[in-house]
Amino acid sequence: MGEYRTFQSGEILSDTERAKLSPADKKRYDLEQKLRGLMKLANDEGAHDGERENATRMIAKLITRHQIDVALIREKETGEASGPVKIVKFDIEVSNRFNLGGIRAQALNRAVIHPLGGYSVYFHYRHSTKVATIVECYLPEDVVDFAKMLLASLTLQVETSMKVATTRFVRELRESADRQYIYGLPKSVETSETAKFRKGYLLTWGSVVGRRVAAGRQEARDEAQQFTGKELAVLDTFALAKKTAQDLAEAEGSKIRSSRAVTVSQDGRMAGAKDGRRAQLGINEVGGTRKALARGRG
């Protein structure tokens, strides 16, 4: 039997050329062809929403399980040499005031990190008398600058808006309690209800803002696609960012902890949703922000 034919990732072969591949390369080639078809389906505006979502999920599984260099396939499809996706790690510090450092971290992950195709982990630390939460962020390199700018802006906005909303909630809570309790609202009840309000506020605020960021990102991509005439392939950088974080944790001998369920109040959720819709994102500005969103791959 003659020598097997070799192929480079991203090549498109004829049936005759495919037949000359080794069994392992043939399997790899067929896998890339399947992925190419899924990428087209995920970007097909005429396809059903469910089909596109299923295709996107399958893309994530394939590139994570088989370590396929999707950038090479994209280069063949679009003619745009983009190179492999590079995941960058950076840390941000958030306040643990009211013992809400972990909730703040989850809110920022929902609002910025996840919608931009990234992954984050967090942990508490102490130095002197200060308690804070460090959030380790893993994001595609081309959206890091935008993510840092957005995180800084939104952190200031949510702290200010949550303070106003909490003050209003406590005042209304006390006014309502005056009609229920002879000696006023018990301190333990006020503390518990306020904590649930803040948690509901932060988590819902993060979800609402995240949907707006994702929508703005898709809009920027659509504009870029219309301008360039090139189809932007779907790349699940969340899966790649998560694997990068897990590999680093394994190398350091540490463990990534999962988020725990928390009890929240409906009042907090409603207030968080209202302020989340009013948060200033800067996504509609012309220039670097929209370009960063359009370049972001995830």
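Biologist: Which residues of α2 are buried?
Modeller: The buried residues of α2 are Tyr 29, Leu 31, Glu 32, Leu 35, Arg 36, Leu 38, Met 39 and Ala 42. Buried means under 20% relative accessible area, exposed is over 50%, and partly exposed lies in between (1.4 Å probe, protein chains only).

Biologist: What should helix α2 span?
Modeller: Helix α2 covers residues 23–42, 20 residues, so at 1.5 Å a residue it should span 28 Å. The expected span is 1.5 Å times one less than the number of residues. The end C-alpha atoms of α2 are 29 Å apart, which agrees.

Biologist: How is this a model, and how are residues numbered?
Modeller: It is predicted: local features need pLDDT of at least 70, side-chain atom pairs count only at pLDDT 80 or more, and totals for chains, interfaces and linings use all residues. Numbering starts from 1 along each chain as its sequence is written, and side-chain values use heavy atoms, with hydrogens and water left out.

Biologist: What is the mean pLDDT of the protein chain?
Modeller: The mean is 77, and 73% of residues reach 70 or more. pLDDT is the predictor's confidence in each residue, from 0 to 100.

Biologist: Which element has the lowest mean?
Modeller: Helix α10 (residues 288–295), at 48; helix α9 (residues 266–278) has the highest, 95. Over residues 75–82 the pLDDT is below 50, and that stretch has 14 contacts beyond near neighbours in sequence. Contact means heavy atoms within 4.5 Å.

Biologist: How many helices and strands?
Modeller: Ten helices and three strands. These are DSSP runs, numbered from the N terminus: helices are H or I, at least four residues, and strands are E, at least two.
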